[in-house]
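Visitor: I'd like to learn how to read a ligand site and its pockets. Could you walk me through one?

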Amino acid sequence: MIAIEDSRLHPIWEKVSAGARLSYEDGVTMFRSSDILALGAMANAVRERLHGDTTYFNVNRHINPTDVCVASCRLCAFGKKAKDPRAYTMSLEQVWEMAGKGYAEAVTEFHIVGGLHPELSLYWFCQMIAGLKERYAGVHLKAFTMVEVAYLARRAKLSIRETLEKLKAAGVDSMPGGGAEVFSERVRRIICDHKIDGDEWLETARTAHQIGLKSNCTMLYGHLETAEDAADHLVRLRAVQDETHGFVTFIPLAFHPANTALSHLSPTSGFDDLKEIAISRLMLDNIPHIKAYWIMMTPGVAQIAQRFGANDIDGTVVEEKIYHDAGAQTAQHLRRQDLLRLIREAGREPVERDTTYRPVSRTESAFTVLV
Ligand code: V47
């Protein structure tokens, strides 16, 4: 039994209890509801059914080879024009060297994304990936959003499939979930009108899954989207997942307005963040994992999210740039022991995973050396 104040949620709870699929309309109802405790309790029931008390985390490092970007998305504070004196582009050697700094021995994943650079070719990125694989053979390379792949394909005059095949052959192991934003064309025209549209994002993901590259998926919320837009986004992700089973984790991403062309918008509240986590757990019945990305929602809210539907908290990260350029006040990395503490404080059982959710075992002595 759970306490439900908003009577519109009763039929939804009946479906959730029976393990039945929620509809688009159910999604809209939930996004319109303020009964956060009922949404959280329903999502927590699903989360515990799927994952018990486990909360996953990993020891990862973000690498952003360049912030030069031909798109000028209003949502983004990271991308810069090539002429901008603040813009940077690493050389291949710099990428390979920075990958090994700091946490290198402990890291199991490099999360690699960057701007749409007008001069770096598909060949350059394949070299970058091959060079990382050669130097860090045991590290999983989660690289390139669907948006970057579509841009590289266009510049190389190759199909999406051929481009993905080349990246995979170079050593890409899987793909992150960024760049999906929200699929509504109305909203995309305002927040990211230079990006591929929602159908292209989904088609690129479908193709990646077909050639054996798993990926994550995301939704950017807290800007101009309506309840209908948000429900539609989740239903469209779910439909692709029914076909491919290639999405591993969904990450709701809170819009950070500082230093963007949408800086007049208010940042999301903890209430919004927890609601997104809960509704995504309830709607995405075929996506195994829901991640509360601590960088984006703060470690404190990410902890509470572990009782509102999330079963993952992301990783150590090391040098996050995209959210920090957009005013995030969180740390740029956490140590492994901080993640263990955060998860245990939330009454959950921490399990270090690799990118494919296999448990990683470390001896305590190795761990003390590594952090
Ligand atoms: O694609 C950009 C978003 C994404 C802003 O796959 C912004 O495991 C908020 O995708 N405010 C990058 N969001 C982050 C991302 C991600 C993060 C953690 C884990 C994984 C994963 C993926 O951040 C971008 C865009 O959707 N973004 N600018 C901004 N101002």
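This is a predicted model: local features need pLDDT of at least 70, side-chain atom pairs count only at pLDDT 80 or more; totals for chains, interfaces and linings use all residues.

Visitor: How many residues surround the ligand, and which are closest?

Guide: Start with the shell, meaning residues with a heavy atom within 4 Å. Here 23 residues surround the ligand, and the closest are L75, K142, G179, E181 and K291. By class, that shell splits into twelve nonpolar, seven polar and four charged residues. β7 (247-254) gives the most, with three residues.

Visitor: Which polar atoms lie by the oxygen atoms of the ligand?

Guide: Look for N or O pairs within 3.5 Å. A polar side-chain atom of E181 is 2.6 Å from a ligand oxygen, and one of K142 is 2.7 Å from a ligand oxygen. From G177 it's a polar backbone atom, 2.8 Å from an oxygen of the ligand. As for cover, the ligand alone exposes 610 Å², and the protein buries 95% of that.

Visitor: Which pocket is the space taken by the ligand?

Guide: It's the largest pocket, with a volume of about 870 Å³. Its lining counts 43 residues, with G178, G179, E181, K195 and I322 nearest the centre. By class, the lining has 20 nonpolar, 14 polar and nine charged residues.

Visitor: What lines the second largest pocket?

Guide: That pocket holds about 230 Å³ of space and has 19 lining residues, with H256, P267, T268, M296 and T298 nearest its centre. Two elements, α11 (270-283) and α12 (294-305), each give two or more residues to this lining; α12 gives the most, with five. The lining divides into ten nonpolar, eight polar and one charged.

Key:
Residues are numbered from 1 along each chain as its sequence is written. Side-chain values use heavy atoms; hydrogens and water are left out. A polar contact is a pair of N or O atoms within 3.5 Å; within protein, one must be able to donate a hydrogen and the other to accept it, and residues adjacent in sequence count only if both atoms are side-chain atoms. Accessible areas come from the Shrake-Rupley method with a 1.4 Å probe; for residues, only the protein chains shown count as cover. On a 1 Å grid over the protein atoms alone, a cavity is a set of points where a 1.4 Å probe fits but cannot get out, and a pocket is an open set with protein on both sides within 12 Å along at least five of seven lines; lining residues have an atom within 4 Å of a point. A molecule sits in a cavity or pocket if more than half of its atoms lie within 2 Å of its grid points. Helices (H or I, at least four residues) and strands (E, at least two) are DSSP runs, numbered from the N terminus. Ala, Val, Leu, Ile, Met, Phe, Trp, Tyr, Cys and Pro count as nonpolar, Asp, Glu, Lys and Arg as charged, and the others, Gly among them, as polar. Grid points are joined across faces, edges and corners, and a volume is the space filled by probe spheres set on the points.
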